[in-house]
Amino acid sequence: MLSLCAATAISISGCSTIADMAGADSATLNLNATQGFNKTVQEARLNKTLDTTSATYKKVNAAFIRLKPFADQMNQTGQRFDWQLAVLKSDEINAYVAPGGKVVFYTGIVNRLNLSEAEVAAVMGHEMTHALEEHSKQKLGAQALTNLAVGIGKSYAGSQIGELGNAALDLGSQVGVGLPYSRSLESRADEGGLMMMAKAGYNPQAAISLWEKMAKQGGGKGSALLSTHPSDVNRINAMKKNLPAAMAVYTARGGR
């Protein structure tokens with residue numbers, strides 16, 4: 001069962017195709033994300049939690065403006081991204097980019113971690129890469145394949161499988177696809193974010209200091225980003241291996 005699940009995670013393009021077949025094509029995902037983003041902004045305005053004037057907003061917006069052209073250069077989805085930014089007043093340490101280029105930052109991630117503009121760019125570049133490579137779509141496809149595999153396994157085993165067997169199959173679906181696949185996507189986003197911020201003229205070393213700050217949070221209360229973005233030593237070491245290539249791009253742009 002584990003080998004079957006693992007096999008479903010091999011082809012990223014295959015997982016995207018499965019998502020398309022399930023009705024989660026790029027245009028639909030982008031449209032749904034836009035509707036959700038607009039609702040979020042509307043509610044934030046009503047609740048007076050939409051930040052459009054503070055120093056934190058200006059820092060996030062500055063990174064957003066500098067990264068956008070290079071994010072567009074990376075776009076191979078076949079769909080134009082309508083980039084929009086919302087900065088929400090909250091102590092929560094979180095940020096994300098929804099399909100189609102809808103960027104959401106919580107003030108807490110900037111203020112509580114005392115992020116520089118370059119460190120903000122590291123977060124944003126990472127999240128933009130997730131959106132540009134359509135990782136949410138790929139996860140949907142992978143999950144659809146996983147659910148199919150688990151369903152087949154349980155159906156084949158029938159009533160003899162028992163509760164323990166069901167638990168094992170469910171665990172297999174997590175270990176076989178979910179966790180390794182998510183780690184793979186995080187690594188891709190790390191590398192893509194490094195290159196994007198370097199092209200925009202931000203020192204890629206800021207990505208290392210960012211994730212070191214994140215790691216110190218230790219998954220504590222209010223660290224929502226850490227629930228899906230593991231900040232461990234292995235991750236930081238992997239980023240350091242990609243740093244020379246990013247620094248070469250940064251240096252070529254006149255950085256030091």
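Set aside the neighbours within four places in sequence, and Phe105 is in contact with Val60, Ala86, Val87, Leu88, Asn94, Ala95, Val110, Val120, Val123 and Met124 (contact means heavy atoms within 4.5 Å). Phe105 is buried, with a relative accessible area of 1%; buried means under 20% relative accessible area, exposed over 50%, partly exposed in between, with a 1.4 Å probe and protein chains only. Its C-alpha lies 8.9 Å from that of Tyr57, 48 residues away in sequence.

A word on the ground rules: this is a predicted model, where local features need pLDDT of at least 70 and side-chain atom pairs count only at pLDDT 80 or more, while totals for chains, interfaces and linings use all residues. Residues are numbered from 1 along each chain as its sequence is written, and side-chain values use heavy atoms, leaving out hydrogens and water.

Now for the sheet. Phe105 sits in strand β4 (strands are DSSP E runs of at least two residues, helices H or I runs of at least four, numbered from the N terminus). The sheet is open, with four strands in the order β1-β2-β4-β3 and mixed pairing; two strands pair if DSSP finds at least two bridges between them. β1 (50-51) and β3 (95-98) are at the edges with a single partner strand each, so one side of each has no neighbour in the sheet.

β1 pairs with β2 (residues 84-88) in the antiparallel sense over two bridges, and Asp51 has Val87 in β2 as its bridge partner. Helix α3 (residues 26-46) packs on the sheet, touching β1, β2, β3 and β4 (102-106).

Notes
Axes fitted to C-alpha atoms, helices over the stretch in contact; angles between N-to-C directions.
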